[in-house]
Amino acid sequence: AEHLVTLAHKEWNQTYRDTLNKIARTSISKLTGRSEEELSDLQLIPRACTWFTCTQPGCIHVTMSVSQVMTHSCLRTNLEPQEDPEAPDYYLKSALRWWTSNSTRTTPERIRSCIKFNDRAFKRVQKMLEIHSLGDNILRTTIEEVDSRTIRVACSKCEVIMTWKRMVST
């Protein structure tokens, strides 16, 4: 049973990433003028330029990284048992659902309805990478590459100095 749980979690994780990658690819195509086919070979999840926004009314999560999206509460929908409790695999299926999503389910449809690509964050990262000579290929620059530079950014309005991730999310 443990092996099945591990496989279910990996499949769920890959579906999640594929869905976010498609959302990112569509928006980046529009922002850069490159076709989606041209971007199809790129894994845009996770990259330094890839940030998302929740579209649910009242949600305070304006800018989220991939890992924040994966745990975002607005994506959770309550899961009611649909199988017959008398079915032989009922308890295994229930345990798998609970383990992979903690009694909730996030589907690709739910992700597409709640999450959109954050164009403003993309443009900010693009500008920052150009300034710090990391902009050779913004779509391939990883979060780790930017983090290794320990880049700090100063706000032109309030003069606060912040990390690049803080700059992206403000």
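**Salt bridges in the predicted model**

Glu36 and Lys22 form a salt bridge, with their closest N and O atoms 2.7 Å apart. Glu36 belongs to helix H2 (residues 36-39) and Lys22 to helix H1 (residues 2-32), so the pair ties together parts that are 14 residues apart in sequence. The model is a predicted one. Glu36 is partly exposed, at a relative accessible area of 25%. Lys22 is also partly exposed, at 41% relative accessibility.

The structure holds four salt bridges. Side chains of opposite charge can pair when their charged atoms come close. Another of these pairs joins Arg34 and Glu38. Here the N to O distance is 3.1 Å. Arg34 has a relative accessibility of 27% and counts as partly exposed. Glu38 is partly exposed as well, with a value of 46%.

A further salt bridge links Arg112 with Glu109. The closest N and O atoms of this pair are 3.6 Å apart. Both residues lie in helix H5, which spans residues 108-114. Arg112 and Glu109 are three residues apart, about one turn of the helix. Arg112 has a relative accessible area of 48% and is partly exposed. Glu109 reaches 51%.

Key. Residues numbered from 1 in each chain as written. Predicted model: local features only at pLDDT ≥ 70, side-chain atom pairs only at ≥ 80, totals over all residues. Heavy atoms only, no water. Salt bridge = Lys/Arg side-chain N within 4 Å of Asp/Glu carboxyl O. Helix = DSSP H or I, 4+ residues; strand = E, 2+ residues; numbered from the N terminus. Buried < 20%, exposed > 50% of the residue type's maximum accessible area, 1.4 Å probe, protein only.
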